[in-house]
Amino acid sequence: MIAKQNRFLLSLPLHIFIILVALIWIFPTAGLLITSFRPASEVASSGWWTVFANPFDFTQFTLSNYKDVITNIGIGRAFVNTLIITIPACIIPIIIASFAAYAFAWMEFWGRRFFFILFVGLLVVPLQMTLIPILRIFNQLGLSGSFLGIWLAHAGYGLPLVIYLMYNFVSGLPSEIFESATIDGATTFQIFKSIVLPLSVPALASITIFQFIWVWNDLLVALVYLGGTPDVAPLTVRISALVGSYGQNWELLTAAAFVSMLLPLIIFLSLQRYFVRGILAGSIKG
Amino acid sequence: MARVTLKKVTKKFKEVVAVDNISIDIEDKEFAVLVGPSGCGKSTTLRAIAGLEEVTSGEIYIAERLVNDIPPKDRDIAMVFQNYALYPHMDVYNNMAFGLKLRKLPKEEIDQRVQEAAEILGIEKLLKRRPKELSGGQRQRVAVGRAIVRKPKVFLFDEPLSNLDAKLRVAMRAEISKLHDRLQATIIYVTHDQIEAMTMASRIFILNEGRLQQAGPPLEVYKAPANLFVAGFIGSPAMNFIPSRLLKKDSSYFIDAESFLVKLPSDFYPSISSYEGKEVIFGVRPEDFHDKQFYPEGTADNTIKAKIEVIEPLGDEVLFYLLCGEHSLIAKLDSRTNKRVGEEIEVVLELPKTHLFDPKSEKTIV
Amino acid sequence: MRTHWFTPWLYVIPALATLVFFLIYPSFNTLVISFFGPQSEKLVGFANYIYCFTNEIMLSAFRNNLLWVALFVPLTVFLGLILAVILDRVRYESLVKSIIFMPMAISFVGAGVIWKFVYSYRPTGSAQIGILNAFLTFLGRQPIPWLIERPWINNICLIIVGIWIWTGFCLVVLSASYKGIPRELLEAARVDGANEYRIFWKITLPLMKPTVAVVATTMFINVLKVFDIVYVMTNGAFSTEVIANRMYKEMFIFRNYGRASAIASLLLLFIIPMIIINVQRFREQEAFR
Amino acid sequence: MKKHFYLFIVLVGLISLLFIPVHAEQKSVTVMGVWTGAEADAFNKMVAPFEKETGIKVEFTGTRDLPAILTTRVEAGNPPDISVMPNPGQMIEFAKDGKLVPLATFMDREKLLSDYSQAWLDLGSYDGKLYSIFISADLKSMVWYNPKAFAAAGYEVPSTWDELMQLSDKIIADGNTPWCIGVESGAASGWPGTDWIEDILLRIAPPETYDAWVNHEIPWTDEKVVEAFEIFGQIVLNEEYVYGGPKAVLTINFADSPDALFTDPPNAYLHRQATFIKSFMLEHFPDLVPGEDFDFFPFPPIKEEFGTPALGAADMLAMFNDTPEARAFMEYIASAPAQEIWVGELGKLAPNQKVDPMVYPDDITRKAAKFLGEASVFRFDGSDLMPAAVGSGAFWTGILDYISGYPLPEVLAQIEAAAVDAYGK
């Protein structure tokens, strides 16, 4: 047995490495956070770390950036709009993709491989190229400017990656579970609902996060399909409108960046506990 | 009534023939064991009965009903998997209740059935646990319990004990046998372990390379193997096969193995006459050798001399690895034998129990 | 699984319909337009494609994308993999994971601002507001204008921003996969006397191969589509142009739909090798069934 | 728990269904623009009286992604009623494609002629038809300085190019740096340099040469263009002339670059930039007093015979959908009262001649307006008139390449290649 102390020494480089990486990663963000509390004139003239010269001098900080952001973008309405857009725009593609991933992973059908490859290949389509043809059809269907339109659009753009990630997970489930459920009398849909979905919770959690962040941070799709009037504009549109046309007002941008980061981070932190190990351990191992 | 009948069932995976024209008839309430080495097609056969594999040709009947096109859930069967295939996200109760819920049974009945099964298997206290909180043996019981609650006509077991340790395996063996008596249902059980097959089965079906080699009650198969494969597969240690020649001298038949010559009993003669002077394979089970010191029937016609190479004491019996000429033999002898390694020993063959096989067709001659 | 022939289609059709509408039809449309002139008014044959392979800026965009592929893909995947494995052993795993994932939650404009602060350059002698140059000055060195030092430094600086953003994605997906590996396998290897390094290469990595392939493919596609970072930071000036940014410019700034479509079609073409690799993996997985 | 979740989803779904006909059936006009931040606020102030008077709601979307959004929506047949044009070049393209509504169909020609100078009307026209209205202008030919710093150092405001260069040399001799320049501007980096080239070209060649250059009737390798670049190069490529040297020019954001005028001691004394830079200076240094702490003098003449032309840029609106509401709105923004609110808020200049100079916030703005109004030669920002592939593409990158040290012939040859391709000649 290695002594406890010894083991700690062995893993010391490991801890140092992790902490180093974490520091590198957090540094730019920390700069952003501190900048968001500094007045505009300071931002342009000195580095953000200079606040540490006298960290308890609170006069060098200001909440006015946040005040400006929150009051100017009409945050309540923008927040509601964002949620109205984001929640269905996450749920719809994940449901559609789960169905498809399940079929691709566990069913035999003609053209299965072809369609799977096609679906994954679509990951590369630049969405900018799709805007004009789709908006044309939307206009004819009366979908432009409607929430339904933007939900479907986000679903479409998100699908390839979601299908790809879901397939990777669902195809890795042990086949005996499916067979056992078949013999227990489950239909393909019951297997999907009672077995595949519950077992895919870790994958669903991470995919939800990705899709959520993507929709949450989207600007272009919202502007094109929904327009930017205040009654429908999501946070991103409002925030980007806050920054002057010439790209000035960095201090507002930094504050806005933190306001808009908040919810995705909360989602990430609260879903993180689903990334747990070994749900399957009991079924596939003796 | 749950007979299970396979008529000329064949299953091909692309070019590979996994099951080759198998016909089996399993009686109601029988404990049928499909046994064979891995890759012999036994699991595929079982899965075909379950409906998990579609057969390439042939017909499967369960309870006199053609089930080829009937989905697994309507075949009135339950299956226990080698890896148990418990639903990892459900507790034990729900694992067992899942199939019943799908069949929309009333809640009270589900409760009652699960309780009953849990009692039978002694897992009443585990109902709230998840599979990963259970030991291997407990998971095994849950898997069986899940099959029991369904009250199917036919139980299918796919190597259910192979993931358990040796002691637990012996205990579970007995338990499954008891369960069979209690449930009064047809059981089809797949294993590669011939001891499991011998101890549990009312009838065993030996498969090799996708073909049925022999079917019958375990002892019958043991005593009268239909061919070289069955003879070698059933019994442990395996039967000794000695390539030799059949000689006729003075109207008696002899086995000439170059290093020894033994005289066959007269009741063999009718079946072997056509092999006179030809190559045959002479088969002797280890327990049909006896130490001459303690076996008075030894004569010059049934005794051979051999050198002891290894001795493995098993308790009341001892395995002797012998070398007789160029033939390596294994003999299971009385533990009183006091010879040492390297010494020579005289062993008596119990000739009426020996077998002769045709080296070309591998069929049993006698 | 045995199903009625139509059942799988019930599961696939919603996805298929959505994709046909939002991606397949527009891609087809793009392919057609790529053979037409700027406003799709006349057929020009392969002229747009010839432009793509002869125009100097396009060629430098191809070179830069290659650099992105060579650095961004392996680094994000490898860093994600290493972190997924070693973070599993420390108690503060979720904290570090959150930190590394955080950039994913920042919009590209926000990320652009952050990194402009990092790379900011002020003339020698005046206070540096960029952390990198402040550090160099502190060491008594000359500050470096990171984003204009071509051809390597500025491109690498942009790639670092990409890595900073995307490693979190790789980490989260790979970590989920790593946690799916039965611990017994790793323990068995440890008992067999393998050191951690060998375990990683001989056990962990092979078991995670499908997921690593998925993540690598995703990152590869990301590189082909990398646009926001370059657009926000340099807009392709100082030899940092990339294919997707060029496409955006041709499409929306120069309003040359033909060329933009040709570039988009080329992006589709470049993904084909990656897809072929995925097909093979798909086949392998089939073989296990 | 689970049930609540489903209930929540259903609720969200229902609520959002209520929003599906997103735009109310009220009389309204949709307007799209690049204006965000303070400019969007000013725009809202400008439309408030209009909304009150007419009952028409103005639905404004301000986005810096205007080129992409506008292109997409126009191509898809779903344009806003009225939009800001990114530049006259793009306006002409839309007009050429027949996407714009000619304004003469409903606007009073007489009133337009009395409100606007012919130059503005011509810039808003294509093929003899008026398509867009300018609502504000910026003067570009200005050199900003800090009068207090000038006084302290004993410097005089120069009135000719030679005096300017002598002043520059004197500043160097005093151990200081004369100029501060920043051409970094995110995705649009390089544009401040294009203004230099344009201003210089107007001062070394007749306006006809400028026009020929803008229309690509003379190549980029023309000696006058080369000369303009070289004059710019004398300043921008000279480590002593420009604060921080060329590297700093490339990396300092244009909005931050005038900060150098107000350090103590000043990092630089001269800054050439348009009227709008004033708002940045005031934002970074809120205590500055216009006219006292900063002022401007016209970008001086280089060759006497070409005088002091005014270079300018302007914001223009054009109409895509011919609705009564859109007509009313176009008429409103063309009017002096609307522009008075707009320029008063932003310190920009008004193209409408009837705008009372008193609405300008300070004397500096009035001085700029006067300069713009009285200039004998006025030219619109050339890069805005060129096809985007040149004016917002190769020209910008060319400036950056030149400042970063690329040989001039190579830089110009590259822009020329892009121009040949874009103009089709």
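Modeller: In this predicted model, helix 6 of chain A (residues 127–141) packs on helix 1 of chain C (residues 7–33) with the axes 9 Å apart and an angle of about 115° between them. That angle is why helix 6 of chain A counts as roughly perpendicular to helix 1 of chain C. The crossing of helix 6 of chain A and helix 1 of chain C is right-handed. From helix 6 of chain A the contact takes M129(A), T130(A), P133(A), I134(A), I137(A) and F138(A), and they meet F21(C), F22(C), L23(C), Y25(C), P26(C), N29(C) and T30(C) in helix 1 of chain C. By class, the residues of this contact divide into 10 nonpolar, three polar and no charged.

The contact takes in 94 residues of chain A and 97 residues of chain C. Between them, chain A and chain C bury about 8700 Å², and 78% of this area is on carbon and sulfur atoms. Among the five pairs of chains in contact, A and C share the most contacts.

The contact of chain B with chain A can be set beside that one. Here 27 residues come from chain B and 25 residues from chain A. Chain B and chain A bury about 2200 Å² between them, with 62% of it on carbon and sulfur atoms. Two salt bridges are counted between chain B and chain A. The side chains of R150(B) and D184(A) meet in a salt bridge, at 3.0 Å from N to O. Chain B and chain D, by comparison, are joined by no contact, and their closest C-alpha atoms lie 16 Å apart.

A helix pair inside chain A gives a further case. The axes of helix 3 (residues 64–72) and helix 13 (residues 250–271) of chain A come within 9 Å and cross at roughly 70°. Helix 3 of chain A and helix 13 of chain A are therefore roughly perpendicular to each other. Helix 3 of chain A passes helix 13 of chain A in a right-handed crossing. On the side of helix 3 of chain A the residues are N65(A), Y66(A), D68(A) and V69(A); they meet E251(A), L252(A), A255(A), A256(A), F258(A) and V259(A) in helix 13 of chain A. The residues of this contact divide into seven nonpolar, one polar and two charged.

Conventions
Residues are numbered from 1 along each chain as its sequence is written. Chains are lettered from A and ligands numbered from 1 in the order in which they are written. This is a predicted model: local features need pLDDT of at least 70, side-chain atom pairs count only at pLDDT 80 or more; totals for chains, interfaces and linings use all residues. Side-chain values use heavy atoms; hydrogens and water are left out. Axes are lines fitted to C-alpha atoms, for helices over the stretch in contact, and angles run from 0 to 180 degrees between N-to-C directions. Helices (H or I, at least four residues) and strands (E, at least two) are DSSP runs, numbered from the N terminus. Angles under 35 degrees count as roughly parallel, over 145 as roughly antiparallel, 65 to 115 as roughly perpendicular and the rest as oblique. A crossing is left-handed if the near helix is turned anticlockwise from the far one by less than a right angle, and right-handed if clockwise. Contact means heavy atoms within 4.5 Å. Ala, Val, Leu, Ile, Met, Phe, Trp, Tyr, Cys and Pro count as nonpolar, Asp, Glu, Lys and Arg as charged, and the others, Gly among them, as polar. Buried area is the accessible area (1.4 Å probe) that two parts lose on being put together, summed over both. A salt bridge is a side-chain nitrogen of Lys or Arg within 4 Å of a carboxyl oxygen of Asp or Glu.
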